[in-house]
Amino acid sequence: MIDPRGRVMMISGANRGIGAALARQFHADGWLVSLGARDLDRLQSSVQEWADDNVSCHHYDAFNPSTDQAWIASTVATHGRIDGLVNNAGIGHMEDLQDLSEELLDEMWAVNVKGPLRLIQATLPLLAASGEGRIVNVVSLSGKRVKGTFAPGYAISKHAMLALHHAVRHAAFEDGIRVTAICPGYVETDMTSDFGVDPGIMIQAADLAETVATIVRLPNTATVAEILMTCEPEVLG
Ligand SMILES: NC(=O)c1ccc[n+]([C@@H]2O[C@H](COP(=O)([O-])OP(=O)(O)OC[C@H]3O[C@@H](n4cnc5c(N)ncnc54)[C@H](OP(=O)(O)O)[C@@H]3O)[C@@H](O)[C@H]2O)c1
């Protein structure tokens, strides 16, 4: 297993939901965490309870490419290195196929695909430095299958994100960078709060975070390409 102490993990959308759980877990495991979110004040107050010198907060808005460059630059200025990147920030427009406008699709494309692509491209040279860089792409089971008539636009964007994930996995392998996608079903967060599904049956973000943090620490000789995690019987296809 790799030792997280002194290594820097960047996490997007870290102010709430899955991103917040990942931030707490990586921090608890000993990583230095560089957190990105659209609203810096909200991010800072969301981590106030547990943050210490091993936590830095930065502005990141997937709609604004200059913020990814600034986030990376200030992470290097603060911590001196970057060892890991978690592409967690994401949005889901759940409209049916007939109501899926190009504007809604463009928004999901910007946050779920283009933002992660830019962050990956910009961090790859830094991640290569240690020979043990890590990337986690928070995709979805909606990147693996289309669930009946449910949220086709979200599924289109997450299938694209999974393709990006596998492209990076191959491109970065020789530099010692290992890339894992987490593809969960329902996780109890704001995103699923109006789905009409009993929150009691949903995956807990803390359980997902613990799983991801364990996989990320595996040595280069044990790489996990995809984690499929669900809270209900699923037939992929
Ligand atoms: N919940 C689920 O069932 C589930 C299942 C599979 C996959 N996922 C994926 O897991 C990831 C996290 O979702 P979640 O459930 O934690 O949802 P969430 O509670 O709605 O959180 C979404 C996060 O993404 C951020 N975000 C949205 N638009 C952004 C933008 N333009 N730039 C930067 N950050 C932006 C949000 O920031 P603000 O607070 O500023 O809006 C927030 O931090 C997403 O990629 C989602 O697709 C979720």
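## A pair at the centre of the sheet

Ile 11 stands opposite Val 86 in strand 4. Strand 1 (residues 8–12) and strand 4 (residues 84–87) run parallel and are joined by 3 bridges. Two strands count as paired if DSSP finds at least two bridges between them. Helices (H or I, at least four residues) and strands (E, at least two) are DSSP runs, numbered from the N terminus.

This is a predicted model: local features need pLDDT of at least 70, side-chain atom pairs count only at pLDDT 80 or more, and totals for chains, interfaces and linings use all residues. Residues are numbered from 1 along each chain as its sequence is written.

How many strands does the open sheet have, and in what order? It has 7 strands, in the order 3-2-1-4-5-6-7, with parallel pairing. Strand 3 (55–59) and strand 7 (226–229) are the edge strands, and each pairs on one side only. From one strand to the next, the twist averages 15 degrees. Angles run from 0 to 180 degrees between N-to-C directions, and axes are lines fitted to C-alpha atoms, for helices over the stretch in contact.

Strand 1 and strand 2 pair in the parallel sense over 5 bridges. Ser 12 has Gly 36 in strand 2 as its bridge partner. Strand 4 and strand 5 also run parallel, joined by 4 bridges. There, Leu 85 has Ile 135 in strand 5 as its bridge partner. In general, strands of a sheet pair through backbone hydrogen bonds, either parallel or antiparallel.

## Two covered strands

Strand 2 (residues 32–37) is mostly covered: 6 of its 6 residues are buried. A residue is buried if 20 or more other C-beta atoms lie within 10 Å of its own, exposed if 12 or fewer, and partly exposed in between, with C-beta atoms placed from the backbone. Leu 32, Ser 34 and Gly 36 point one way from strand 2. Val 33, Leu 35 and Ala 37 point the other way. Strand 5 is mostly covered too, with 5 of its 5 residues buried. Arg 134, Val 136 and Val 138 point one way from strand 5, while Ile 135 and Asn 137 point the other way.

Take Ser 34, in strand 2. Why does Ser 34 count as buried? Because 28 other C-beta atoms lie within 10 Å of Ser 34. Leaving aside neighbours within four places in sequence, Ser 34 is in contact with Val 8, Met 10, Ser 56, His 58, Thr 75 and His 79. Contact means that the C-beta atoms of two residues, placed from the backbone, lie within 7 Å. Ser 34 and Leu 85 are 51 residues apart in sequence, yet 9.2 Å apart in space, C-alpha to C-alpha.

## Helices across the sheet

Helix 4 (residues 102–127) lies across strand 4 and strand 5 (134–138). It runs at about 170 degrees to strand 4. Helix 5 (residues 152–172) lies across strand 5 and strand 6 (178–184), at about 160 degrees to strand 6.

Ala 151 is found in the loop between strand 5 and helix 5. Ala 151 has a positive phi of about 45 degrees although it is not a glycine. Most residues other than glycine have a negative phi. Ala 151 counts as buried because it has 23 C-beta neighbours inside 10 Å.

Phe 173 lies in the loop between helix 5 and strand 6. Phe 173 counts as partly exposed, because it has 13 C-beta neighbours inside 10 Å.

## Nonpolar cores

A nonpolar core is a set of buried Ala, Val, Leu, Ile, Met, Phe, Trp, Tyr and Cys residues joined through C-beta atoms within 7 Å. The largest has 49 residues, of which Ile 11, Leu 22, Ala 23, Leu 35 and Leu 208 touch the most other members. A second, separate core of 8 residues includes Ala 89, Ala 151, Tyr 154 and Ala 155.

## Around the ligand

Which of the 29 residues around the ligand come nearest? They are Gly 13, Gly 17, Ala 89, Gly 90 and Thr 189. A residue is near a molecule if its C-beta atom, placed from the backbone, lies within 6 Å of it. Helix 1 (residues 17–29) gives the most to this shell, with 3 residues.
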